[in-house]
Every structure is written in structure tokens, then in C-alpha cells.
Amino acid sequence: MTENVAILCDYGLDDAIATLYLLEFADRFQKIDIIPVSGNFPIEETFVNAKRLLTYYDNPLNNVRIVDAFS
């Protein structure tokens, strides 16, 4: 548990699935930074979608944070 991960996502379906897959292995990393970016959707919407995704995830997320890099 010495590596950090940063994932940049626009939170379409593919990015949401990739994030959930990464979260299943979150205990293998020291820190996971989720960075919402604009792509298919405006940045404000992707930030809300990232928060919503983590809200519904059942496992502990002690080492996971959402980084608001665009405010």
C-alpha cells in the first residue's frame, strides 16, 4: 500500500464502471484521487456525478477523495 492513484473522469458509463472497479481494490493503494473533468458533460455535472457515485458505494472509502481542481 505505497502507491497513489489519480483518475480523471467525465463520468459517462465507461468512467463510472472504471471507478467502481478501482474502488474494489482501494485497499491496495495509499490514496486514490478522483478528479472530475469535462468531456461528455460539463464539469459541474461530472463533479456531482462523482459525489453521487461515492455516496452509493458500500465499502469504506477512507483513502478516497474527490479533487475539485477547477473551482
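Analyst: The strands form an open sheet of three, in the order S1-S2-S3, with parallel pairing. Strands here are DSSP E runs of at least two residues, helices are H or I runs of at least four, and both are numbered from the N terminus. Two strands pair if DSSP finds at least two bridges between them. S1 and S3 are the edge strands, and each pairs on one side only. From one strand to the next, the twist averages 20°.

This is a predicted model: local features need pLDDT of at least 70, side-chain atom pairs count only at pLDDT 80 or more, and totals for chains, interfaces and linings use all residues. Residues are numbered from 1 along each chain as its sequence is written, and side-chain values use heavy atoms, with hydrogens and water left out.

Now the pairing of S2 and S3. They are parallel, over three bridges. Asp33 has Arg65 in S3 as its bridge partner.

Next, the helices. H2 packs on the sheet and touches S1, S2 and S3. Its direction makes about 145° with that of S2. H1 lies across S1, S2 and S3, at about 165° to S1. Contact means heavy atoms within 4.5 Å. Axes are lines fitted to C-alpha atoms, for helices over the stretch in contact, and angles run from 0 to 180 degrees between N-to-C directions.

Which residues of H1 are buried? They are Asp15, Ala16, Thr19, Leu22 and Leu23. Buried means under 20% relative accessible area, exposed over 50%, and partly exposed in between (1.4 Å probe, protein chains only). On the other side of H1, Leu13, Asp14, Ile17 and Tyr21 are exposed.
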